[in-house]
Amino acid sequence: MNKQQLANQIFQTANNLRSRIEANEYKDYILGFMFYKFLSEKELARWRELGVPEEEIQHMTEAELRDDPDTLRYTQRDLGYFIGYDNLFSTWRDSKDFSVANVRDALSAFTRLLVPIMGPDVSAEDKKKHRVFEGIFHSLSSGLSKLGDSTGAQTKAIRSLMSLIDKIPMDKRQDYDVVGFIYEYLISNFAANAGKKAGEFYTPHEVSVLMSDIVAYHLRGRENIEIYDPTSGSGSLLINIGKSVAKEMGNADKIKYYAQELKENTYNLTRMNLVMRGIDAENINARLGDTLESDWPYFDTEENRESTYRMVRVDAVVSNPPYSQNWDPQNKENDPRYADYGLAPKSKADYAFLLHDLYHLKPDGIMCIVLPHGVLFRGNEEYNIRKALIEKNQIEAVIGLPADIFFGTSIPTIIMVLKRQREDTGVLIIDASKGFEKSGKKNQLRASDIRRIVDTYKTKKDTPKYARLVSKEEIRQNDYNLNIPRYVDSSAEPPAWDLYGVMRGVIPQAELAKFADEWQALPTLKEALFTAENDAYCTCQTEDIAAAIQAHPSAKALKDQLAARFAGFDEAMQQKIVKNRQAVPVDREEETIADDIFARFAGMPLISPYDAYQELDDAWKVISADLEMIQTDDDDAVRKVQPHMVLKKKDSKEIEVQEGWEGRILPFPLVQRELLPDDLAALEDAQRHSEACETELNELLEGIDEEQLDSEAVNDDHTKFVKGGLTKEWKLLKDDLDTPAVKALCAYSSLKSKKEKTAFVTDHPEVNWAAMETTKSGTYSKAAIDKAIDALAMQAPLDEGSWPYIVRTAMQKLDEKAALDKDIKVRAAELEQKTMACIENLSDEDADRLLHDKWIAPLTGGILAMPDARLQDFAKALQQLTEKYDASLSDIEHDIEEDSESLANMLQDLEANPYDMQGLKDLQTCSRRTNNG
């Protein structure tokens, strides 16, 4: 399975294992053990890389290395830590005597064995390695008791976790960051289950990517980069920034990371996350502390802060601090972070965090910070700070985000982009609050939303209802209020009603003019759909607007134009991605393809390139996951099948069981459709017939009355027929079938002698005696008679819908469905075996063709289908407009008058008691008043 499937499976199992432990706590256990396995595997790999024989590795324990301190010291300095062989994750896994005590001892030893590298001859780099690991397992070791009420329960819980974590490959064969991916996936999913506490440790991935792309664009071309997150949480925001920056600079080892976090367990997550992403310890600077109370980073060495004072400025600061948190501004007037701007109010620390971030920026640096909307318009101290930032030209952009995209809060937020020094004086205001998709209970930025925001940031172009570059003078005129709706109004226009159009049932030309882009892109279409009544109004001359648009030459021309622009795209993708699949740079290729798509869309009317980019991103999720596996296992991955594992409940627990097989890369349905079409068609035909039987049974069930529903022929829930009950019911009903043949057969059964029976057969030709099997004496046995009666009963004419008809038909359909289902099971098993054989013996040509159909065809097809989708949306909007003015008020008034007059006439012919008659007179009066206006 690919890393996405593996991550999902691990989370689902882990979420079930956590039982009553809160998600925000349980994450510390699974992520802590995952990190311990990572360090264990890294140390094992290092020993093997140095050529240490396996038999010697087994003696690399703390006890046995007391006589060889140089080896112990080398490992400590090389890796920054030491784990004895007896304490390795793999040793735990393989031990029959493992218990929670092993974990406690190992974590204690891990901390103890960090200390020796802190001697006087230890270099600054080695000391930095020590600091990265110091206390990193404290949250795990202190929380082990929560995993169970007894030592046995704790051991059992840890064994379950170890079994789960052992599925994660950490053998360095992967060219992609599977460990880091799963780590962040688990963090994000635990965040989704952690409620309000989730905001303490996780920034949604999409927001991280957005901020990363903005920062990376600004820092492009630099050789050495330092980035800082003063409220680092799990470290995912820092990592995404580093990943984006590394793409631009080409060397991830030239990036230094600074992270500060207030809570210890979250601080540990930061360090684990950074280390597991392969970042050198020398490049990790992490600190546990209160960002606002204790300014950092500002020193060269931890041990001697004051004498080595150096306030550190970085290339980029990114942060998602707690919103509107209380803080203590007392005695901070002269704090250099705030001295030039003022102090944030005690009840809202938002600007305190912002000014701290800004203080640590280099003059040519950039910062992105997530804040609540209130910072844009609140008064008093915040007004003064905002005014100073604007006058110093330090606010570059304000990006309004959708509501409900962060864990732990549903409020809408903004990203503010600032620089210490910049030449421009305006502020770019982007209202991106409408661009998102629903993802479970939360909203989520799509790839196309992120791309559009970043492109707008880069170009600074005004876009109606989306973005404006606002001058400092205009902001001054608004008294330094940056509230987004003051500058960009993205709200939908309220529905307008044209009085003349409503009265006459005609469509205002002014409302059609709102579709100016469509009319320009689709010449003569407007004239084909609408007839002008005068200069200001028109009427629609077609009932089916959607069909008329699709049939119009301009619609075809639009589709042809897009097809022409993408001529050769499919072939180019086939060559670049499919044929070259072993060498595709997975982390960069999507953007290369995206640039090509945007270039092809240049000047294309009506259809947004961002929709095409979304098609690409959706396709790339599949393509990249497959490419990573192919580049790890060579092309053999395409020809591999593997067990299809699913989670099923057993004894109130979910366990993993095999349910058939699946292709590692190629889906079975795709292979069957392309290479086994006849077998697939036969199976699908049988499935359709089985479904038809099920439908007919349901229809029969709906046609019976309450009394019959309570018979043995129907189950207690009244949802399906019961075979045994139907058989009993039919046995009673068939005896009542009165046909000449049945009567004759019943009479034959009562005869004794052979002579009588022989004569009876001759006298009763209404029975098809030849179709019945005789005994040795030439007569018919009771079994043969009963069988014949059953056959006649099944063929007897019955009134459709009668109870006997329903019982008999239900029996037939159940038998037919049972036979079909048996056949389906056999065919499905045979098809599965044939599919496995097909995949394992694929020719190169078939492999290329199938990968094209999985990867490229959906992307190309999705892009080329975009004009149809766009035209359908246009047709829907026009249809709503025509329906809005479909009936005039004059026509409606005329209909009311006619109906009122008709009602009054009918009332005159009614007779009733005096009170009712008086009521009728009152109603007639009301009717006349209506007619008279």
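Buried here means under 20% relative accessible area. All views show a predicted model.

**View 1. Strand β1 and its burial.** Strand β1 covers residues 225-229 and is mostly covered, with five of its five residues buried. Ile225, Ile227 and Asp229 point one way from the strand, whereas Glu226 and Tyr228 point the other way. Residues of both groups are buried.

View 2. Strands of a sheet pair through backbone hydrogen bonds, either parallel or antiparallel. Strand β2 (residues 255-261) is joined to β1 by five bridges in the parallel sense. Within this pairing, Asp229 has Ala259 of β2 as its bridge partner. Strand β4 (residues 314-319) also runs parallel to β1, and two bridges join them. Here the bridge partner of Tyr228 is Val317 in β4.

**View 3. The ring pair Tyr217 and Tyr457.** The whole structure holds 31 aromatic pairs. In one of them, the ring centres of Tyr217 and Tyr457 are 6.4 Å apart and the planes stand at 85°, so the pair is edge-to-face; the angle is over 60 degrees, the cut-off for that class. Tyr217 belongs to helix α11 (residues 205-219) and Tyr457 to helix α16 (residues 447-459), so the pair ties together parts that are 240 residues apart in sequence.

**View 4. The ring pair Tyr748 and Trp769.** The centres of the rings of Tyr748 and Trp769 are 5.3 Å apart and their planes meet at 50°, so this pair is tilted. Tyr748 sits in helix α31 (residues 740-749), while Trp769 sits in the loop between α32 (754-763) and α33 (782-795); the pair therefore ties together parts that are 21 residues apart in sequence. Both Tyr748 and Trp769 are buried.

**View 5. Charged side chains over rings, and an aromatic cluster.** Arg220 lies over the face of Tyr217, 3.9 Å from the ring centre. In another part of the view set, Lys392 lies over the face of Tyr341, at 5.4 Å from the ring centre. One aromatic cluster is formed by Phe35, Tyr36, Phe38, Tyr81, Phe89, Trp92, Phe98, Phe110, Phe133 and Phe137.

**View 6. Surroundings of Gln444.** Gln444 is part of strand β10 (residues 442-444). Its relative accessible area is 24%, which makes Gln444 partly exposed. Leaving aside residues up to four places away in sequence, Gln444 touches Glu206, Ile405, Phe436, Glu437 and Ser439. From Gln444 to Pro402 the C-alpha to C-alpha distance is 8.2 Å, and the two residues are 42 apart in sequence.

**View 7. The open sheet β12-β14-β13.** Three strands make up this open sheet, in the order β12-β14-β13, with antiparallel pairing. Strands β12 (507-508) and β13 (530-532) are the edge strands, each pairing on one side only. Strand β14 (residues 537-540) is joined to β12 by two bridges, and these strands run antiparallel. In this pairing Ile507 stands opposite Cys538 of β14.

How values were computed: Residues numbered from 1 in each chain as written. Predicted model: local features only at pLDDT ≥ 70, side-chain atom pairs only at ≥ 80, totals over all residues. Heavy atoms only, no water. Phe/Tyr/Trp six-rings, centres within 6.5 Å; stacked < 30°, edge-to-face > 60°. Helix = DSSP H or I, 4+ residues; strand = E, 2+ residues; numbered from the N terminus. Buried < 20%, exposed > 50% of the residue type's maximum accessible area, 1.4 Å probe, protein only. Lys NZ or Arg CZ within 6 Å of the ring centre and 35° of its normal. Pairing = 2+ DSSP bridges. Contact = heavy atoms within 4.5 Å.
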